[in-house]
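Load the model and colour it by secondary structure. Then follow the stops below.

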Amino acid sequence: MDSTLQETITRIRQRRTGPLILELDLTEGITEGPPGDPVSAVLTMRRPRIADVLDALRRARSDHRVHALIVKVGGRPIGLAQVQEIREAVAEFGRAGKLTVAWAETFGDFSPGNVPYYLATAFRRIWLQPSGDVGLTGFHLEQWFLRDALDKVGLDVQVGKRKEFKSAADRFTERGLTAPAREAAQQVAASLSGQLADAIAARLGIDAAAARSLIDHGPYLAAEALDAHLVDAVGYRDEVYDGVRAQAGPDACLLYLGRYLRSRQLTERARQLPRSPERSIGLVYATGPIRSGRSGRSPLGGAMGSDTITAALRAATTDRRVGAIVLRVNSPGGSYVASDAIWRQVNKAREAGKPVIVSMGDVAASGGYFIAMAADQIVAQPGTLTGSIGVLGGKPVITGLLSRAGVTADAVNDGRHAGMFSTTRPFADEEWARVNLWLDRIYEDFTSKVASGRGLSPEQVEQVARGRVWTGADARERGLVDHLGGLAKAVTLARRAASLADSAPVRTYPRVRPVDRLRPPQSSEGRGAARAALLAESWGPVWRLAAGAGLPPFGPLLMPGRWTIQ
C-alpha cells in the first residue's frame, strides 16, 4: 500500500479513536449568526460562529477523547459580550478536567489589549510570544466633536432628543462631552474596568485593589508580564504546542474545533435518521442596525430588516415542533417603526403560547432594547451595552455651506409644510414644535412599553431611561434585564420554559432553502419572505442626508455614539 495513503488512513483512525487536542483561532474575529446574504458569507467565511464555538465546547466537555484546547487570541477585535460567552464555555470545559491553553503573539501590538487578555484569563495557562506585550491599560472611551469645524464650513444641525443622555448627535452640536454624557460614559468605563479587575483577581488569587494596581501599571513587556504572573510562560508557537502535546500524549492529534463539531453533528444525524422530528428551540438572530423591509447590506454594513425578523418569528411561532424561541439581539437600534413591528411579533409569539427568551450580544441598545423588552426573560452579559431608552431626530441645514461654495437653491411649495424637511432652510417654529411632538410621542410609547414589559412603574422607568446607556451588569441591578449570561444560558431557560429535555436541539429561523432565495415568495408568510436583501435604508429617501449630518442613518432609535471596547 502506498505510504502516503497509509499515513492518511492512520491519521483518520487516530482522529476517530485517539486523544485529541482541539484548536480554535480567534485572530480573524467571530460572527454572530449565519450570513444573511452572499456578501456577508464571503466576508465572514473564515470566522467561526459564536453558537458553533459554544456547542463544540459543550460537546467536547464529555468527550473522553478530547484532552486539551489551544486557542490563539488577539488580532481582529471581538466584542466584550462575545468574549464573556467564550470565557464561560472555556471555564466549563476546564472544570471537566481538560487542559486549556491561550496563546498570543501579543495582547495589543502597541495598542490596548484589555479584551483579548480578559479572554485569556479564563484559561489554565497563558503563553505569550517573547516579542509580544500585554496591553493592559484600562478602558478609554473617546468621542470627537466637530461643532467648530462645521461652523467653519457653514453647516448647522438641528436636533431634538429625549432626553439628556441621548447623545448620538452631540458630536455635531457640542464641543465636548455634556455633563450627562460624561456621567454615563464614566459609569460604563467603571463597570467594564471592574469586570476586568475581577477576572484578573480571580485568576491570580488576589484582591480587587491589587488587580486594579496591575491595570494601572500597564502596559507590560513580555518579561514584565511574566514577572507579574499575568502570563504563565513566554515562548513561540512550537513551544506552546510541544508543551501541550507533552501533557496530552505523543499520539494526540490536532483538530480544529469547527471540524470536530461537524464530525460530531454528522454522527448524531446518522443515528437519528429513523426517528421522527424532535421538539426544538427556535433561534432567531436579530443582528445589526434596524430598518424597515428586508435584512441586508447597507452603506454602513449589515442591517436587520423588520420584514425578515418578523417573518422568522412567525415561522418559529407556527412551527409545532418549536417549544420556545430564543431571540438573539445584537443591535444598536435604528428605525422606530421597524423596531415596533418586531416588538409586536414578539408579543404575538408569546400570545400563541411560545415563550420568548432574549439573549443580548455585545450591544442591545435603543431600538435593540425596544425589540427585546417584551420577552418573557432577558439574558445579557455583564459587558453588554444596553438601555439607551430614548429618541432623537432632526436634520442638517446646509444653506451656509452651499453659499460658501457659490451654490444657491430655490423651490416652489404647495402645502404649508411642504418644505419642512428641506435641508436648505431651518425648521420654522411651528414645524419645530411638530418635530418635538413626534419625539415626545415616541419617547412616551417607548417608556410605557418598557414599564409594561418589565413590570416597572413609570417613575422607575424614567430613572433608568432618558437615553442612558448601561452595561448588562448595571442593567440587571435596575430591572432592565433578568439574568447575566450568554446564549447558552438563554437556551437553557428556553428549554426549561417549554418543558423540553436538556438535549432538545436548537434550530435557526428563518429556514430558507436555496431555491427560496431565487424565486419570489408566494406570500408575505412564505419561506422566501424572510430572505435578506443586498441593500438597505432606514430614514427612507433622506438616509443620505441623515448620514451626512451625523444623525443615525438607520433611524431615530439608535444608541449614542460609537463605543469601541478594546
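Predicted model: local features only at pLDDT ≥ 70, side-chain atom pairs only at ≥ 80, totals over all residues.

Numbering runs from 1 along each chain as its sequence is written, and side-chain values use heavy atoms, with hydrogens and water left out.

Strands are DSSP runs of E, at least two residues; helices are runs of H or I, at least four; both are numbered from the N terminus.

S2, H4 and S3 make a right-handed β-α-β unit (with the strands pointing away from the viewer, the path from the first strand over the helix to the second runs clockwise).

Stay on S2. Of its 7 residues, 6 are buried, so S2 is largely enclosed by the rest of the structure (buried: under 20% relative accessible area, 1.4 Å probe, protein chains only).

Next, S1. It runs parallel to S2, joined by 6 bridges. Pick Ile-21, and you will find Ala-68 of S2 opposite.

Now show the whole sheet. It is open, with 6 strands in the order S8-S4-S3-S2-S1-S9 and parallel pairing. S8 (233-234) and S9 (253-256) are at the edges, each with a single partner strand, so one side of each has no neighbour in the sheet.

Finish at S9. S1 (residues 20-25) pairs with S9 in the parallel sense over 4 bridges. Leu-22 stands opposite Leu-255 in S9.

How values were computed
Pairing = 2+ DSSP bridges. Buried < 20%, exposed > 50% of the residue type's maximum accessible area, 1.4 Å probe, protein only.
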